[in-house]
Amino acid sequence: MSDINYFHAIQILEDNCTGCTACVRVCPTEAIRVRDGKATIDTNRCVDCGNCVAVCKFHAIIPSSDPLDIIHKFKYKIAIISSSFFGQFTEDISYGVAKQAVLELGFDEVAEEAMVTEFMIGMIRDYIRANRDKRPTLSSNCPAVVRLIQVQYPALLPNLFHQEAPMSILTRFLRDKVAQREKLSESEIGIFLIVPCVAHVTAVHQPEGAYKHLQDGAFSTGMIYGKVREIVKKIQNDPKDIDTYPQGLTWALSGVQADLVDCEDIRALSVNGVENVMDILSKVEDHYLDQYDYIVLRSCTNGCVGGCLNVENPFVAMSRIKKMIKEGESKDINVDELEALYAKGDFAVVPLTPRPIMELDKDIKHAIKKMKRINEFLTMLPGLNCSACGSPTCYALAEDIVQGKATIDDCVILLKRQNKDDDED
Amino acid sequence: MENALKECFSRAQEAEVTLEFDIPEKDFNNAGKGSSEVKNLLKRLGVESDILRRIAVASYEAEINVAAHSKGGKMMSLIYDDMIHIKFEDMGPGIGDIAQAMIPGYSTADDLVRELGFGAGLGLPNIQRNSDALHISSEAGESTLVEFLIFFT
């Protein structure tokens, strides 16, 4: 097991946890166990997908993001907004007004992910053409997908798009530019992301592959939403003229983004939802999807619009964003400086390394012994996969027993059968 | 084939873990599940990822072959601490000309199989390329046995 202490933007409130095991059953990496009636998360296994946050009915698993007032520690404050944010408002609230409202939360400048979408598409195409030996290239923008590949599909790490994601590219670009323009030192500038999911909060606090510290904090869409709505009410009748980039909002929608990368010599596939992502990754491992050059993988339904920190249903949000893309007009952006930085290799990331969690033992001989014992326990267990023991499946319980993390007495079905036998005696 | 390698095909008695999987005829909904199960098991044993991918490709191809071309069969995986031996036995109709079947691009797949995106004639060549030893025994009209070995180091 790894010695690194993994940070996760998820907190369990023990007082609220009823031990219902709903979270245990939806965790794609089997990272959660209920022991002594309370849920616990194995920090080595968790990939921050947010499934447990979304499923918990008792507010016992809650996302953690930074409090808004940390922005006041900086002289110059910049917000970078995730594209999915603009799908969260009813249609009477315009894109421009929503963006202005974020500015009035106390920022000096607001940028958005959508500004660099076109640049990203060009960069992705260029990267794919230069890395044909590692096809298919797998998108790396979703931090949950990157972590999922690290823990469960390490053979596919070289296939990941090894360049920064759009909000990090903007962060690097803006920090230099604003420092020069405002005559400030880099540390006087605070750059914050407004994000739709726990994985992005985690990625801000513990980035994978980043050469240097990027952002100074992350705020969840859900947390700032109430305040933004209040400001919207005030400014809605007298909106300022503000630049918007509707054509770039495609970044929030996994299918649309893949369509943009797809061209004569690049075949792209789009997949979203963590179960689908896992199925596809397994097929890529088998070289079954070698006909694709690029695969867009997003852990949430429909892409970032499905993030668990959003307020709107992912399908409604997607439809609204599609409407904005169709009806709006983007402000032109000069990407020459970004192109130059890319050519210099400034957006490259450190080669990503595995975070293996699957092995039963470092030594294959011991692992085989454990496997045999797991199979022995498995024949004793009822095979109902009811999760009542606190492990997700009978197999997982057998594994937990062999790894010394549970005992066969944790199985309530066996216990009940035993009691019945005792009664009959 | 060297004798030492041949012997590896008959170590079944000492297999540490075995897995069996039925492959029904033309069941493309489930074809691939057997090799996927083997892959997940090997991940738990900590088999190195490059070797794991070779095993995954070879076993997936062989499993699809049984589903696509035979009247059904079964897959048996014998796992040792240094290698895996996977056997695919089907209920016929047998391979007429094994040498021909080994030529990349040669295929006898029917229309249904091709419609599903299989049958490009790369199955057996792919298995050979990814395994350390391959053994096929078959005659037209009889059952076929395809078995291969892949070492962990």
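Biologist: At roughly what angle do the axes of helix H13 and helix H14 of chain A cross, and within what distance do they come?

Modeller: This is a predicted model, and in it the axes of H13(A), residues 364-380, and H14(A), residues 394-402, come within 9 Å and cross at roughly 130 degrees.

Biologist: What makes H13(A) oblique to H14(A)?

Modeller: Set the angle against the cut-offs. Roughly perpendicular covers 65 to 115 degrees and roughly antiparallel starts over 145. The crossing is at roughly 130 degrees, so H13(A) counts as oblique to H14(A). As for handedness, H13(A) passes H14(A) in a right-handed crossing.

Biologist: Which residues make the contact?

Modeller: H13(A) brings Lys370(A), Arg373(A), Ile374(A), Phe377(A) and Leu378(A), while H14(A) brings Cys394(A), Tyr395(A), Ala398(A), Glu399(A), Ile401(A) and Val402(A). They split into 8 nonpolar, no polar and 3 charged.

Biologist: Okay, over to Ile71(A). Why is Ile71(A) called buried?

Modeller: Buried takes 20 or more other C-beta atoms within 10 Å. Ile71(A) has 22, so it's buried.

Biologist: Where is Ile71(A) found, and what is Ile71(A) in contact with beyond its neighbours within four places in sequence?

Modeller: Ile71(A) sits in the loop between strand S4 (61-63) and strand S5 (76-81) of chain A. Those contacts are Lys77(A), Gly106(A), Phe107(A), Gly190(A) and Phe192(A).

Biologist: And how many residues of chain A are in contact with chain B?

Modeller: 18 residues of chain A are in contact with 16 of chain B. H13(A) turns up again here, giving the largest share of chain A's side, 6 residues. That side divides into 9 nonpolar, 2 polar and 7 charged.

Technical notes. Residues numbered from 1 in each chain as written. Chains lettered and ligands numbered in written order. Predicted model: local features only at pLDDT ≥ 70, side-chain atom pairs only at ≥ 80, totals over all residues. Helix = DSSP H or I, 4+ residues; strand = E, 2+ residues; numbered from the N terminus. Buried ≥ 20, exposed ≤ 12 C-beta atoms within 10 Å, placed from the backbone. Contact = placed C-beta atoms within 7 Å. Axes fitted to C-alpha atoms, helices over the stretch in contact; angles between N-to-C directions. Parallel < 35°, antiparallel > 145°, perpendicular 65-115°, else oblique. Left-handed = near helix turned anticlockwise from the far one by under 90°. Nonpolar A, V, L, I, M, F, W, Y, C, P; charged D, E, K, R; others polar.
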